[in-house]
Amino acid sequence: MRLERELLEKNSRLAEQNRRAFELAGTTVLNLIGSPGSGKTTLLEATFGRLRRTVSLAVLEGDQATRRDADRIERAGGRVVQINTDAGCHLDASMVERGVRELGPDAGSVVFIENVGNLVCPALFDLGERAKVVVLSVTEGDDKPLKYPHVFRAASLFVLTKLDLLPHVPFDAKRCVENARRINPKLDFIGVSALRGDGMDEWCDFVRRRPVTEGGVS
């Protein structure tokens, strides 16, 4: 426990340095947290398709191995740096500092961090982001907010993806949102189908607004 506490305290200090640097550069950093297959990369591809001509966008892509998702972002027209963690289950503040330095985003950019796929460890590590966005798909079960409460408590926005699959899966979207707001009553919500376009205008409005507070309680 002592080692874990010291690790988190060190990370928090580095995250505050990141946050100050991002603010000075006018960079808005959004940390996307979700399970493997929740639709984070597909959401980003659709976002680049809609916003890349009007908003400067870039991505830090976190995975244990390969650069498959980074290649997808590049094909969508995005600037991207791949961060591979090997056995690591999350990105930390030092990885993000190095990644953003390599990325070199334009002044005033929005930088998405696509975190390593899981709902547990990434929720514990502050990266210096402006906001955490929890991403959940309708294929994962409407009880997930109750089973993984910390990430929903820490997030500012809940994005429910793959709405086009709702007729084919036993998922109660209303119950899922209610469960999430039992954990975090201030949590904003957007439902999307990145492939069909549902909710993408609302999501892109959120990105353009550049939220000014983290919202959720870490």
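This briefing describes helix packing and selected residues in the structure above.

The model is predicted: local features require pLDDT of at least 70 and side-chain atom pairs count only at pLDDT 80 or more, while totals for chains, interfaces and linings use all residues. Residues are numbered from 1 along each chain as its sequence is written, and side-chain values use heavy atoms, with hydrogens and water left out. Helices (H or I, at least four residues) and strands (E, at least two) are DSSP runs numbered from the N terminus. Two packed helices are described by the angle between their axes and the distance between the axes.

**Conventions for helix pairs**

- Axes are lines fitted to C-alpha atoms, for helices over the stretch in contact, and angles run from 0 to 180 degrees between N-to-C directions.
- Angles under 35 degrees count as roughly parallel, over 145 as roughly antiparallel, 65 to 115 as roughly perpendicular and the rest as oblique.
- A crossing is left-handed if the near helix is turned anticlockwise from the far one by less than a right angle, and right-handed if clockwise.

**Helices α2 and α9**

- Helix α2 (residues 40-51) and helix α9 (residues 200-209) have axes that come within 11 Å and cross at roughly 75°.
- The helices α2 and α9 are therefore roughly perpendicular to each other.
- On the α2 side, the contact (heavy atoms within 4.5 Å) is made by L43, A46, T47, R50 and L51; on the α9 side, it is made by M200, D201, W203, C204, V207 and R208.
- The residues of this contact comprise seven nonpolar, one polar and three charged, where Ala, Val, Leu, Ile, Met, Phe, Trp, Tyr, Cys and Pro count as nonpolar, Asp, Glu, Lys and Arg as charged, and the others, Gly among them, as polar.

**L51 within α2**

- L51, located in helix α2, is buried, with a relative accessible area of 0%; buried means under 20% relative accessible area, exposed over 50%, and partly exposed in between (1.4 Å probe, protein chains only).
- Apart from neighbours within four places in sequence, L51 is in contact with L57, C204, V207 and R208.
- L51 and D205 are separated by 154 residues in sequence, and their C-alpha atoms are 9.9 Å apart in space.

**Helices α2 and α3**

- The axes of α2 and helix α3 (residues 68-75) lie 9 Å apart, and the two helices pack at an angle of about 15°.
- The helices α2 and α3 are therefore roughly parallel to each other.
- In this pair, α2 passes α3 in a right-handed crossing.
- T41, T42, L44, E45 and F48 of α2 make the contact with D69, R72 and I73 of α3.
- The contact of α2 with α3 has three nonpolar, two polar and three charged residues.

**Helices α1 and α4**

- Helix α1 (residues 2-25) packs against helix α4 (residues 93-103) at an angle of about 30°, with the axes 8 Å apart.
- The helices α1 and α4 are therefore roughly parallel to each other.
- The crossing in which α1 passes α4 is left-handed.
- From α1, N11, L14, A15, N18 and F22 meet A93, S94, V96, E97 and V100 in α4.
- By class, the contact of α1 with α4 contains six nonpolar, three polar and one charged.

**Buried loop residues**

- E129 is in the loop between α5 (121-124) and β5 (131-137) and is buried, with a relative accessible area of 0%.
- The side chain of E129 makes a polar contact with the side chain of K132 at 2.5 Å; a polar contact is a pair of N or O atoms within 3.5 Å, where, within protein, one must be able to donate a hydrogen and the other to accept it, and residues adjacent in sequence count only if both atoms are side-chain atoms.
- A polar atom of the E129 side chain also lies 2.8 Å from the backbone nitrogen of L127.
- T27 is in the loop between α1 and β1 (28-34) and is buried, at 5% relative accessible area.
- Leaving aside neighbours within four places in sequence, T27 is in contact with F22, P105, S109, V111 and R130.
- S156, in the loop between α7 (149-154) and β6, is buried, with a relative accessible area of 11%.
- The C-alpha atoms of S156 and F189 are separated by 8.8 Å, and the two residues are 33 apart along the chain.

**Positive phi values**

- Most residues other than glycine have a negative phi.
- D86, a residue other than glycine, has a positive phi near 60°.
- D86 is in the loop between β3 (79-84) and α4 and is exposed, with a relative accessible area of 64%.
- K162, likewise a residue other than glycine, has a positive phi near 65°.
- K162 is in the loop between β6 (157-161) and α8 (173-183) and counts as partly exposed, at 25% relative accessibility.
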